[in-house]
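The following questions and answers concern a predicted model. Please consult the sequence and structure shown here.

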Amino acid sequence: MTKIKLGPADFAEREMRGYEVGKRNVCIAKIHGRYKGLDDWCNHAGCLLSGGRIEDNMVVCPCHEVGFDMDTGRNETSPGVCDDQPTVNVAVEDGALVVELPENP
């Protein structure tokens, strides 16, 4: 696993941002005081989830309204339309957001 520093952990509650990390994009959100992360590219049509909205514990894709659970990556709204989203581990270290990504994605 590779740890990558994203930037300051200064999100407001229910705020979401997208980050480019090497060849990947990750979507990070703060929900109920916790930082959570998924791959940002929706596996359905390639839209960026970070351009969508948060509903409860889900991020809803801006293109086709598919909702993914931010803890598990599970497709909660449209099973069968597309797969679940890969999750990423997010931590706060010295006031900065840090994600752990596999060496070879």
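Q: Is C47 buried or exposed in this predicted model?
A: Residues under 20% relative accessible area are classed as buried. C47 has a relative accessibility of 13%, so this cysteine is buried.

Q: Which class of accessibility does C63 fall into?
A: The class between the buried limit of 20% and the exposed limit of 50% is called partly exposed. The relative accessibility of C63 is 41%, so C63 counts as partly exposed.

Q: How far apart are the sulfur atoms of C47 and C63?
A: A disulfide requires two cysteine sulfur atoms within 2.5 Å. C47 and C63 form such a disulfide, with a sulfur separation of 2.0 Å.

Q: How many residues apart in sequence are the parts that C47 and C63 tie together?
A: C47 is located in the loop between β4 (34-39) and β5, and C63 in the loop between β6 and β7. The pair therefore ties together parts whose separation in sequence is 16 residues.

Q: What is the handedness of the disulfide of C47 and C63?
A: The torsion about the S-S bond of C47 and C63 is about -105°. The disulfide is therefore left-handed.

Q: How far is the nearest cysteine sulfur from that of C42?
A: C42 is buried, with a relative accessible area of 3%. C42 takes part in no disulfide. The nearest cysteine sulfur belongs to C61, at a distance of 4.0 Å.

Q: What separates the C-alpha atoms of C27 and M70, in Å?
A: C27 belongs to strand β3 (residues 24-31) and is buried, at 0% relative accessibility. Its contacts, not counting residues up to four places away in sequence, include L38, L49 and M70. C27 and M70 are 43 residues apart along the chain, and their C-alpha atoms are separated by 9.5 Å.

Q: Which are the edge strands of the open sheet of three strands?
A: The order of this sheet is β5-β6-β7, with antiparallel pairing. An edge strand pairs on one side only, and this applies to β5 (53-55) and β7 (67-69). The edge strands are thus β5 and β7.

Q: Which residue of β7 stands opposite V60?
A: Strand β6 (residues 58-60) runs antiparallel to β7, and three bridges join the two. The residue of β7 opposite V60 is G67.

Key. Residues numbered from 1 in each chain as written. Predicted model: local features only at pLDDT ≥ 70, side-chain atom pairs only at ≥ 80, totals over all residues. Heavy atoms only, no water. Pairing = 2+ DSSP bridges. Helix = DSSP H or I, 4+ residues; strand = E, 2+ residues; numbered from the N terminus. Buried < 20%, exposed > 50% of the residue type's maximum accessible area, 1.4 Å probe, protein only. Contact = heavy atoms within 4.5 Å.
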